[in-house]
Amino acid sequence: MSINSIFQFLVPKDKKFFPLFEEASSNLVQLASILHEAVNLPLKERDELFLKIDELEQKGEDLTRQTNMELSRNFITPFDREDIYSLITSIDNVADNLHGASSRMRLYQVDKITKSIRKLTDINLEACQNIEIAVRELRDLKKIKNITDACAKINKLESKSDSVYDKAVADLFENEIDAKSIIKYKEVLSVLETATDKCKRVAGVLESISVKHS
């Protein structure tokens with residue numbers, strides 16, 4: 001038995017951090033799902049969903065704050081304190097960017113949703129679903145491969161997102177003549193692409209935790 005395994009055995013089963021991680025990742029999937037639903041609706045039908053995204057983003061911030069408070073109160077943690085902080089913060093950063101995309105679409109009154117925007121929201125949803133899969137494996141860390149497989153999928157999705165974003169921006173500059181439209185669409189595309197970058201950051205934290213406990 002490795003030193004890490006012995007240490008894991010001796011540490012009391014966590015009743016605080018894992019539920020917070022799981023709730024944060026579940027909240028993230030719900031936010032990404034609603035954003036994906038919103039971009040497939042007409043302009044006038046999106047506002048109610050955008051308001052739900054506002055609520056979910058706030059819930060994510062509350063969960064991050066609660067996790068950090070638990071860190072300050074507890075001497076014994078299920079894994080390294082810096083990993084706990086990095087994990088909950090990186091999940092919150094994904095939520096911030098997805099929320100940023102919905103805010104921009106609402107503020108800029110983006111009527112026509114392009115195929116590229118839909119593709120990026122779909123990519124983000126799949127990446128968030130894989131984050132949730134990996135996070136739920138953290139409780140016992142017995143199925144490390146499930147974590148690494150989910151992280152590998154997230155990394156591939158991030159590369160796909162880069163390609164979709166680059167092509168979308170190139171098409172935008174080539175075919176759009178209205179400067180205001182170029183600015184608002186590029187803003188939305190950019191924050192959606194950044195969201196997948198942040199998903200990759202979550203994957204990096206999860207992989208780091210799994211390596212330390214393998």
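This is a predicted model: local features need pLDDT of at least 70, side-chain atom pairs count only at pLDDT 80 or more; totals for chains, interfaces and linings use all residues.
**Exercise 1. Judge the confidence of the model.**

Step 1. The average pLDDT of the protein is 91, and 93% of the residues score at least 70.

Step 2. Residues 1-12 have a pLDDT under 50. For this stretch the model has 10 contacts beyond four places in sequence.

**Exercise 2. Classify the ring pair Phe18 and Phe79, and state which parts of the chain it joins.**

Step 1. The centres of these two rings, Phe18 and Phe79, lie 6.1 Å apart with the planes at 50°, so the pair is tilted.

Step 2. Phe18 is in helix 2, whereas Phe79 is in the loop between helix 3 (47-73) and helix 4 (81-107), so the pair ties together parts 61 residues apart in sequence.

Step 3. Phe18 and Phe79 are both buried.

Step 4. One aromatic cluster is formed by Phe17, Phe18, Phe21 and Phe79.

**Exercise 3. Describe the largest nonpolar core and the surroundings of Phe21.**

Step 1. The largest nonpolar core contains 66 residues. Phe21, Leu98, Met105 and Leu138 have the most contacts inside it.

Step 2. Two or more residues of this core come from each of helix 2, helix 3, helix 4, helix 5 (115-136), helix 6 (144-175) and helix 7 (179-212). Helix 7 gives the most, with 13 residues.

Step 3. Beyond its neighbours within four places in sequence, Phe21 contacts Thr67, Phe79, Ile84, Leu87, Ile88, Val135 and Leu138. Among them, Phe79 is also a member of the aromatic cluster, and Leu138 is one of the core residues with the most contacts.

**Exercise 4. Compare the span of helix 4 with the expected value, and examine what follows the helix.**

Step 1. Helix 4 has 27 residues, and 38 Å separate its first C-alpha from its last.

Step 2. At 1.5 Å a residue, 39 Å is expected, and the span of helix 4 is close to this.

Step 3. Gln109 follows helix 4 and has a positive phi, near 50°.

How values were computed:
Residues are numbered from 1 along each chain as its sequence is written. Side-chain values use heavy atoms; hydrogens and water are left out. Rings of Phe, Tyr and Trp (its six-membered ring) pair if their centres lie within 6.5 Å; planes under 30 degrees apart count as stacked, over 60 as edge-to-face and the rest as tilted. Helices (H or I, at least four residues) and strands (E, at least two) are DSSP runs, numbered from the N terminus. Buried means under 20% relative accessible area, exposed over 50%, partly exposed in between (1.4 Å probe, protein chains only). pLDDT is the predictor's confidence in each residue, from 0 to 100. Contact means heavy atoms within 4.5 Å. A nonpolar core is a set of buried Ala, Val, Leu, Ile, Met, Phe, Trp, Tyr and Cys residues joined through side-chain atoms within 4.5 Å. The expected span of a helix is 1.5 Å times one less than its number of residues.
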